[in-house]
Amino acid sequence: MLLVRSIWNGAISFGLVSIPIKLVNATESHSVSFRQIHTEDGGRIRYRKVCELEEREVAQGEIGKAYEDADGTMIPITDDDLASLPIPTAKTIEIEGFVPAEKVDPLQVDAAYYLAPNGVPAAKPYTLLREALKRSGKVAICKFALRGRERLGMLRVVDDVLAMHGLLWPDEIRTTEGVAPDANVTVRDKELDLADALMETLGEVDLNELHDDYREAVEELIAAKASGEEPPTAPAPETGGKVLDLMAALENSVRAAKESRGEDVAGVTPMRTPKEPAGKKSTATAKKSAPSAASASASARKSTSKSSQGARSAQGAKKATEKKSTAKKSATTKSTAKKTPAKKTTPRKRPA
């Protein structure tokens, strides 16, 4: 039993076979709708359709269609004018041919419709076309007119129903020129291996298990506000710097995916990148430490020189003093005389 209203009545033209059908929307929107309001008092903001000549609001039944010419002249077009157009697709879905389903570019796929047989006599040819499509493994490419324009379509079988997808015309698909990265980027085999591992870890997904988290969050927000409760708050976003190491990001992604599935992460081993070879940091550290050691040595020499002139020697100054040349030993003996007994020397006799 058809539970939704048909949006178009016509027939499928399959050669000389005509199949009366009803066109029904195959999809529906579950998005939450909002109204525009005046923020100061919550009053509804409404749009009124006003005739510019009479400056009055008009009802929907008084509104028609017109084409605006280049000079601003309005040329009225009625539904009867469009219905009487001399084209076969005005009331007919005209099958042009059959192609494998993979020949249809997904970029072309637009709105989806179900085709229901219109009346008992339509059941036999409807079933014939359905079974022929099943056995061929192909889809039918067709043309039809809907909402004031001729469209391209694709017929295929869904369960035991003929479904039609509206298709964009080939010239309505933009080219990919200027979209790809400008830089000449090279991807290494190790990066591809990790990407493959990540894809394998994430595995396949059951589309029937996916749902609209955003819509559910909006509904919870509305319910909380309606009941006077505190709206749920979003979790704090993860803080982190800009990812510069692609290999590390891939490794972490594989590890996180495995952990979320309860799998062993022992097989995910870190892979070094050419940008940071092993030992580079330690070499740089050694180079940096060398000037520091030289500076420290120079400072030690300065402090030793000061202590040799009369200050008390510290343990570090004593070691530095031992390294001094023999020429400075005489100056050093003054500072060391207090700690160790000095050898007595025979004073020289002054001349008379």
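## Packing of two helices

Helix α3 passes helix α5 in a left-handed crossing, a term used if the near helix is turned anticlockwise from the far one by less than a right angle. The contact (heavy atoms within 4.5 Å) is made on the α3 side by K190, E191, L194, A195, A197, L198, T201 and L202, and on the α5 side by L246, M247, L250, E251, S253, V254, A257 and K258. These contact residues divide into ten nonpolar, two polar and four charged.

The axes of α3 (residues 189–202) and α5 (residues 246–260) cross at roughly 20° and come within 9 Å. The two helices are therefore roughly parallel to each other, a description applied to angles under 35 degrees.

## Basis of the model

The model is predicted: local features need pLDDT of at least 70 and side-chain atom pairs count only at pLDDT 80 or more, while totals for chains, interfaces and linings use all residues. Residues are numbered from 1 along each chain as its sequence is written, and side-chain values use heavy atoms, with hydrogens and water left out.

## The largest pocket

The largest pocket holds about 330 Å³ of space. A pocket here is an open set of points on a 1 Å grid, where a 1.4 Å probe fits, with protein on both sides within 12 Å along at least five of seven lines; lining residues have an atom within 4 Å of a point.

Its lining comprises 16 residues, and L82, A90, A145, L146 and G148 lie nearest the centre. At least two lining residues come from each of β1 (8–14), α1 (79–83), β9 (138–146) and β10 (149–158). Helix α1 gives the most, with three residues. By class, the lining has nine nonpolar, two polar and five charged residues.

Notes
Axes fitted to C-alpha atoms, helices over the stretch in contact; angles between N-to-C directions. Helix = DSSP H or I, 4+ residues; strand = E, 2+ residues; numbered from the N terminus. Parallel < 35°, antiparallel > 145°, perpendicular 65-115°, else oblique. Nonpolar A, V, L, I, M, F, W, Y, C, P; charged D, E, K, R; others polar. Points joined across faces, edges and corners; volume = space filled by probe spheres on them.
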